[in-house]
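This report describes how two protein chains meet and which side-chain pairs join them. The sequence and structure are shown first.

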Amino acid sequence: MQDKRYIICGNAPTDGIEENPDRDLRLRLWGKDGPDKITLRIEDIHKKMSKDVPDSFQDLLEIATYVYSADQAIPRGADDVDSFGHGWRRDLHFIIPVRKPDFWNGDDIHQALRSTLGFLSDDNYHFEFVKLKEAQAFQGYLDFNDDGRLLGYPEQVVMFSGGLDSLAGAIDEVLNEKHRVVLVTHKSTPKLNKRHRRLEKMIADKAGENAPLHIGVRVNKNKGLNYEYTQRSRSFLYVSIGATIAKMLNLKSVRFYENGVISLNLPVCAQVVGGRATRTTHPRVIRGFQEIISLVAGEPFTIENPYIWKTKAGVIEVITKAGCQDMIAASTTCTHTWEMTNHHTHCGTCSQCIDRRFAMIAAKADQHDPVEDYKADIFTQSRSKDEDKIMAAAYLERANQVRDQDDITQFIARFSEVSRVFRYLNGNPGSVAQKVYDLYKRHAKEVCEAMDTMVARNITAIRQRTLPGDCLLRTVYESGSVISVPAIPVEQKQPDNYFRKRGGVWAARFNGNAEVLVTGVDKGAEYINFLLARPNKETSVYEIVCGLAINTCNTFLNSDETEDGFQVTQGVPLGDTGFVADRKAIEQYREAAHDLLREIEDARAENNAAEIQRLEEEMAKVTTAINEAVGLGGKLRKSNDKRKNIRDAFRNAVNRAITYLEKYDKPLAAHLKESIKCGNEPVYRTEEEIVWEVRPIVNE
Amino acid sequence: MGHVRLGSLPRSRAWKEVVGLITAGADVSQIANATIRAADKAFTFVLNDEGFTEAVWLMTQLAIAAKKENLGEHLQSLGVNLPQDTSLPDLAAAVSEALDNKLESNGGRSDLGEMSQRALVGALVEHISPKLPSLFAPGPDDVRAALAALGKKREFGELSRTFFAKLTNESMNYFLSKTLATHLGEGQRFATMNEMEQFEKALNTHCKEASLIVEQFSADWFSKHRYEEGGDISRESSNGFASYALKKMKDELKEGARADAR
């Protein structure tokens, strides 16, 4: 977990806190504009609705806005595995001025907030509520947009995100059930405004006199407060606004419409732990919200998700059965809103886009969801980003795993995360477990059927291999085709001992143990291979090094560069280039130095500065020459001992390779250490003869 | 609203070697070995991970409760609340909830903690379900009877082995799922999804094989400590067991699962 961060809200005092502006955050909902200013606006509210909203609901709205803003302003750490995701979770300490501090500091609400938000966003929350000194008017948040009349009293508040699920919910409520509803939309990005308006108009056109009331909500803040895009706490703000509006309408419930698979959001793969899969409408979160709002309201308040037992394909069927297919293209599911353009309204690769495409095909409604709207076609295109490849494969693999399970026990044991929902849905845990299992089985079946449909549609392109080799269709279809390479190669009798190149990789096996692939130490592996191929035969190190270099690089080297190597192969040992300078030359240097010293003294006597400088420069050169030629104790230095360099390079390369092997096969490393002698004439020698297969395997 | 955040592996030398081995088509044991080595820093970092130690503590206490006069009361003192007519899903939910509540109160959430929770619940379900006549409508004492059997030395050893096998496999996948699917497609390590699935199954088997080393150790440890500590096991002993058992698993994976475990 990250270090403790304070979020000091409004005009809250900071007594006793050692503030650190680099780490701590200040947020204000009121006062003059500035870098810490955030604004909350609830639009299209009717004046009559704003009356009699209790202080506790006004506090709730402000708390939720601060929590949501801090969530975006404080970045999560790098998603590094080296610390098991230490930086992902934040330790957030809020100091928030409220109208009713005694209520908010109470154990029940405090615990409900910490528990629900902690589970929702995977962070640690701590709250300190202080008395709000100058209470601001609630109307400050509202944008009135009528003549003060409220036409009829709505029966239900429905959270409307503009995605397929909430669209189906709105259609169910407004068109099927003929309820008078208020749709509440959080406008998280201006990019979606136009699409929201279009969808709202389409619903209103079909609803006629029963057109729903729309309320939009915006939270604006300085760009400097937008660091973190995950926004896990968004649904808390969202439900707080919905509940406040419900309270204004004297209603006691709010509805989220979200299909069960997304709501339960079981991890698609092992790296998705905790809040890395959003828990926006997870049953435990919904139950927590219900508890919080009920405490705030002082009476039972319900938060419902009527689609908890539906899959996304089931949700789409609601839309098509109601004759609202034309609304599908206007809905937005993609979570990568930053990739959205006028031409491509969906990225096509995020978890939500993938789920939408599969569901559309499973529900046989994809003709209403143009593939051109997607920036990438998940089925037929390559995906350049690693994350996109992982997501698509993980999504499909989970469906395969669930499909293959024919026992609910296996399902719970494999996806034990599911146990977290058993006590938060209606019914006893046993029956809830069965319903969850059925839901996921249904979803897996839909995903597999959608895949079959897409394979059938693209079979010619798959057969002709005109689709990219890593597109989803190819990797899935060829899994089952006769041309597929078996996942576990047919066991062929392999030699007990080999050290050879297979393709571009070195592979070693000793005494019938598991094969070890040798990567990153190619040179050493090559030398070992050479020695194992010639047991007991001492070979000049220069021949091995230069000979192999020539074999490897002869296309790049000219004869001059390899001259030394050729000499070796002809039996002439490599030599150094001799001493830097011989004794006679050094004697001459010394005489020259003495002469220079005398000349410098003369020049000083004449006060000839220019001559002094010239002589000193010359003296420096002579001194350097002597130092380079003579070592400690007056011993003459050799210019560059190539023989020693080559011997060292050989030994180091072999040792590096053995050290590498030691990690994966200690007996092999020990054997090589014991049997290989380096030096001028390296050799591999053993007491008992071992037959090594050393020939490379090509075109396997 | 349901988006998922994925990560990628760091570009350190050790992780590059893991990726290199995957690309080159190395055997699961070598990849597991390289992964454990690359992840050494992570495992050192979480040596005292509260989620992990809490899961192991709960596992030992489930076994201790089995020999108590009132199993339900002991479980309740651990935060595991079971109704009278407990079903297996009830038990799974209660254990999850107990771990969640504990970590929620001390801010101890972590990735390893999450994986430990999954592993413990999964291991319990796998271990207890064969002992039940029915999953959903067991007799009033069926789940309790199955839990009571955990007090036997051999049963604890088996449960512990399943837990550590699952935890290790989860951990391996936690690291490797950040890269495996990027080597999927024609001309790559995994030409098809089938091949990748087979690799994952082989990795799972490898972890199960490696976990053999924990089984006997766990059984002996449990028996010895329960005797020495007068029928209970202290938190300190449990923490020591947790860290040593995990070390044994890591060492075993570094060695490669032994041939005689197959």
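A salt bridge is counted here when a side-chain nitrogen of Lys or Arg lies within 4 Å of a carboxyl oxygen of Asp or Glu. By this rule, 63 salt bridges are found over all chains. The model is a predicted one, and the values below are computed from it.

**Extent of the interface**

The interface brings 96 residues of chain A into contact with 84 residues of chain B. Between them, the two chains bury about 7600 Å², and carbon and sulfur atoms account for 55% of this area. On the chain A side, the most area is lost to chain B by A:Val81, A:Phe84 and A:Arg423, which together make up 12% of what that side buries.

**Polar and charged pairs**

Between chain A and chain B there are 15 salt bridges. The rule for polar contacts finds 37 residue pairs across this interface, with both residues at pLDDT 80 or more. Several elements of chain A give two or more residues to the side that touches chain B, among them helix H3 (107-121), helix H13 (429-457), strand E14 (516-518) and helix H21 (642-664). The largest share, 10 residues, comes from H11(A). By residue class, the side of chain A that touches chain B divides into 38 nonpolar, 29 polar and 29 charged residues.

A:Arg89 takes part in two of the salt bridges, listed below.

| Salt bridge | N to O distance |
|---|---|
| A:Arg89 and B:Asp111 | 2.7 Å |
| A:Arg89 and A:Asp122 | 3.4 Å |

The pair of A:Arg89 and A:Asp122 links distant parts of the chain, 33 residues apart. A:Arg89 lies in the loop between H1 and E4 of chain A, whereas A:Asp122 lies in the loop between H3 and strand E5 (124-131) of chain A.

**Aromatic pairs**

Over all chains, the count comes to 36 aromatic pairs. In one of them, the ring centres of A:Phe84 and B:Phe43 are 5.4 Å apart and the planes stand at 80 degrees, so the pair is edge-to-face; planes over 60 degrees apart fall in that class. This pair crosses between chains. A:Phe84 is in the loop between helix H1 (55-73) and strand E4 (91-98) of chain A, and B:Phe43 is in helix H3 (residues 40-45) of chain B.

**Domains of chain A**

The domain assignment divides chain A into domain 1 (5-142), domain 2 (333-490) and domain 3 (498-555 + 582-630 + 639-684). Taken over C-alpha atoms, the centres of domain 1 and domain 2 of chain A are 38 Å apart.

Terms used
Residues numbered from 1 in each chain as written. Chains lettered and ligands numbered in written order. Predicted model: local features only at pLDDT ≥ 70, side-chain atom pairs only at ≥ 80, totals over all residues. Heavy atoms only, no water. Contact = heavy atoms within 4.5 Å. Buried area = accessible area lost by both parts, 1.4 Å probe. Polar contact = N/O pair within 3.5 Å; in protein donor to acceptor, adjacent residues only side chain to side chain. Helix = DSSP H or I, 4+ residues; strand = E, 2+ residues; numbered from the N terminus. Nonpolar A, V, L, I, M, F, W, Y, C, P; charged D, E, K, R; others polar. Domains from an automatic or database assignment. Phe/Tyr/Trp six-rings, centres within 6.5 Å; stacked < 30°, edge-to-face > 60°.
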